[in-house]
Amino acid sequence: MIVASPKSITELKNLIAGHKKVLFVGCGTCVTVCLAGGEREVGIASYAVRMARRLANEPIELTQQTIERQCENEFIKDLAEAAADADAIVSFGCGVGVQTIAERFPDKPVYAGLNTQFMGTLEEQAVWTEKCLGCGDCMLAQFGGICPVTRCAKRLLNGPCGGSTETHCEVDEDRPCAWQLIYTRLKNIDQLDRLDEIVPAKDWSTSWHSGARRVVRKEHRV
Amino acid sequence: MTPEMTPSATTTMMTGSAAADPAWEPEIIAFCCNYCAYAAADLAGSKRMQYPTNVRIIHTPCTGKIEMEHILDAFLKGIDGILVAGCLEGGCHFLEGNLRARKRTDRIREMLAEIGVGQERLRMVNLSAAEAPTFVRSVHEMVNTVRALGPSPLKDTQHLESEG
């Protein structure tokens, strides 16, 4: 899922300074699961902003609505009525949601209520870690299902660096060494011979580095 | 901390216009867990122990059942202070409801400080059902704290926004 974290109350307050009718939009998918931008979190943020604005003697008319997914126009259309009535919109979705809503309502200011972090997994209650960089050319099969492109700080493709301890990364001593994990995993599934293959330099042309990418699937086009 | 949320500005807001009203009395909500604080309050009554009438008790099944929205809504509506009273740590009937309540109250205290309402207006205490004197003392302390702070800065302001 996409993992995001909330902006501070002060940041939220500053974002909407000057706007009198504001719509807070939650997203019912990734950011609900990561406890950042779902219906409850939007409700709590609304309380905080209402209090802050009342203290500043700047009345605000604040409405809240949470839709299933902010990254799909199909769901965004449910916002049309509430958006028409608002001076500005604060999206509590990921950066994708913010931009999709902004495209859908070109005459409204749309602000981001969250800081989008990464694609990751829930390790334990309220702890998430990054697992995928979205490089566009998945190499997981070669590495026993553990991605050195994302999880090795140096993105090494042919074994660990000299700085790692037996189990942990030298860049962050709390982070497991991806190459130690890869070795253990390949050993467990009896595929250690994969490490004999030299992995050539990665082709980054499929990644973000030449700008925003686009996927077209002809078989599903209508 | 932004300029409008400096301690001096916060203090000014917390001792706003209503502070000058000599008839003002703090309005305080005490969320009391069924298994400890509510029983302790009941015991205090049975023992004829006196405590201020500023407190309105809300009977809850466990402090873990108190959502952040309940507390924030009360502050938005102008309550002067909130006391959350739960079981001793390790003594929760539902194992860890009071520990969760502690994390939530700590988070709301941070929010109240950032907003400028003042974190002292929210307090959590832990006690057992037998501790009527502790309950009475906690109420006295809360009332005294809030009385010193003055009325909530969210009280007596124009309520122009929607309930949304």
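Reading a sheet and a helix pair

User: How many bridges join strand 1 of chain A to strand 6 of chain A, and which way do these strands run?

Analyst: In general, strands of a sheet pair through backbone hydrogen bonds, either parallel or antiparallel. In this predicted model, strand 1 and strand 6 (residues 114-124) of chain A run antiparallel and are joined by 5 bridges. Within strand 6 of chain A, the residue opposite A:Val3 is A:Phe118.

User: In what order do the strands of this sheet in chain A stand?

Analyst: The order is 1-6-7 in chain A, an open sheet of 3 strands with antiparallel pairing. Strand 1 (2-6) and strand 7 (127-132) of chain A each have a single partner strand, so these edge strands have one side left without a neighbour in the sheet. On average, and ignoring direction, neighbouring strands of the sheet are turned by 70° against each other.

User: What is the angle between helix 3 of chain A and helix 3 of chain B?

Analyst: Helix 3 (residues 39-55) of chain A packs against helix 3 (residues 68-76) of chain B at about 20°, and their axes are 10 Å apart. Angles under 35 degrees count as roughly parallel, and the two helices are therefore described as roughly parallel to each other. Their crossing is left-handed.

User: Which residues make the contact?

Analyst: Helix 3 of chain A contributes A:Gly43, A:Ile44, A:Tyr47, A:Arg50 and A:Met51. From helix 3 of chain B come B:Met68, B:Glu69, B:Leu72, B:Asp73, B:Phe75 and B:Leu76. By class, this contact has 7 nonpolar, 1 polar and 3 charged residues.

User: Into which domains is chain A divided?

Analyst: Chain A has domain 1 (2-118) and domain 2 (134-210), with their C-alpha centres 37 Å apart.

Terms used:
Residues are numbered from 1 along each chain as its sequence is written. Chains are lettered from A and ligands numbered from 1 in the order in which they are written. This is a predicted model: local features need pLDDT of at least 70, side-chain atom pairs count only at pLDDT 80 or more; totals for chains, interfaces and linings use all residues. Two strands pair if DSSP finds at least two bridges between them. Helices (H or I, at least four residues) and strands (E, at least two) are DSSP runs, numbered from the N terminus. Axes are lines fitted to C-alpha atoms, for helices over the stretch in contact, and angles run from 0 to 180 degrees between N-to-C directions. Domain bounds come from an automatic or database domain assignment. Angles under 35 degrees count as roughly parallel, over 145 as roughly antiparallel, 65 to 115 as roughly perpendicular and the rest as oblique. A crossing is left-handed if the near helix is turned anticlockwise from the far one by less than a right angle, and right-handed if clockwise. Two residues are in contact if their C-beta atoms, placed from the backbone, lie within 7 Å. Ala, Val, Leu, Ile, Met, Phe, Trp, Tyr, Cys and Pro count as nonpolar, Asp, Glu, Lys and Arg as charged, and the others, Gly among them, as polar.
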